[in-house]
Amino acid sequence: MRIILLGAPGSGKGTLAKKISRDFDIPQISTGDLFRAIVKENSPLAEKVKSIMASGGLVPDEITVELVKERISRPDCKKGFILDGFPRTIAQAEALEKISQIDSVILVELANEIIIDRLSSRRTCPNCGEIYSVQDNPENVCKKCSTPLIQRDDDKPETIKHRLEVYENSTSPLINFYSDRLFKVSSAGSPDQTYMPVKTFLEKLEAKGE
Ligand code: AMP
């Protein structure tokens, strides 16, 4: 089962991807996580990616496509994968068409005001990537690995606005691009409420052998 999660930053793709990954036993491939790992290295690419991410812009398509191409060629992707945060441009989607057949695209929908609210209160574990909100985890320590949580630089108000504009301009045209394979879900409710219809949909997809 090869799936794309499409949606604005902060719409809940990461949380949803983790649930799908656990239940359907396919890896979550988050290009944001892959880039955050690259940024920790000491290389010219790390410097370049770091400044792009800090501004809320997009890493160039060639770099991003190569990264995903390599990642989905690994053995753990044989059974399928969930792309979380890729593709983000039409050029990336066209490149992906040439390297893999995508079965379904799940569009996670959420109003911008709620996104801004959620992103501003989002805290991330720099060690295992687990996501929390300040309200749910006032201790500010990861419940899985006890690492102190951080606020991502790009989750700060000035960058959030730009990331939403980039989504609107560069990524939202993908909704049309994938109109033949689109499954829409609202993430306005709890993570489990969001997941329920997606799970039912994917179980049917799996039963069809895709
Ligand atoms: P995310 O964690 O998905 O919100 O991604 C964090 C940042 O990584 C984005 O704001 C971009 O700077 C970069 N990034 C992630 N995925 C992509 C992509 N598919 N294309 C270009 N840049 C990306």
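A crossing of two helices is left-handed if the near helix is turned anticlockwise from the far one by less than a right angle, and right-handed if clockwise. The close-ups below come from a predicted model, in which local features need pLDDT of at least 70, side-chain atom pairs count only at pLDDT 80 or more, and totals for chains, interfaces and linings use all residues. Residues are numbered from 1 along each chain as its sequence is written, and side-chain values use heavy atoms, with hydrogens and water left out.

**View 1. Helices α2 and α3 cross with left-handed geometry.** Helices (H or I, at least four residues) and strands (E, at least two) are DSSP runs, numbered from the N terminus. The axes of α2 and α3 (residues 44–55) come within 8 Å and cross at roughly 125°. Axes here are lines fitted to C-alpha atoms, for helices over the stretch in contact, and angles run from 0 to 180 degrees between N-to-C directions. The two helices are therefore oblique to each other; under 35 degrees counts as roughly parallel, over 145 as roughly antiparallel, 65 to 115 as roughly perpendicular and the rest as oblique.

**View 2. The shell around the ligand draws on helix α2.** Helix α2 (residues 31–39) gives four residues, the largest share of the shell. There are 16 residues around the ligand, and T31, R36, G57, G85 and Q92 come nearest; a residue is near if one of its heavy atoms lies within 4 Å. By type the shell holds five nonpolar, six polar and five charged residues. Nonpolar means Ala, Val, Leu, Ile, Met, Phe, Trp, Tyr, Cys and Pro, charged means Asp, Glu, Lys and Arg, and the others, Gly among them, are polar.

View 3. Taken alone, the ligand exposes 480 Å², of which the protein buries 96%; areas come from the Shrake-Rupley method with a 1.4 Å probe.

**View 4. Helices α1 and α9 cross with right-handed geometry.** Helix α1 (residues 13–24) packs with helix α9 (residues 191–207) at an angle of about 45°, their axes 10 Å apart. The pair is therefore oblique.

**View 5. Helices α6 and α7 also have a right-handed crossing.** The angle between α6 (residues 112–120) and α7 (residues 157–171) is about 135°, with the axes 10 Å apart. That makes α6 oblique to α7.

View 6. Most residues other than glycine have a negative phi, and most peptide bonds are trans.
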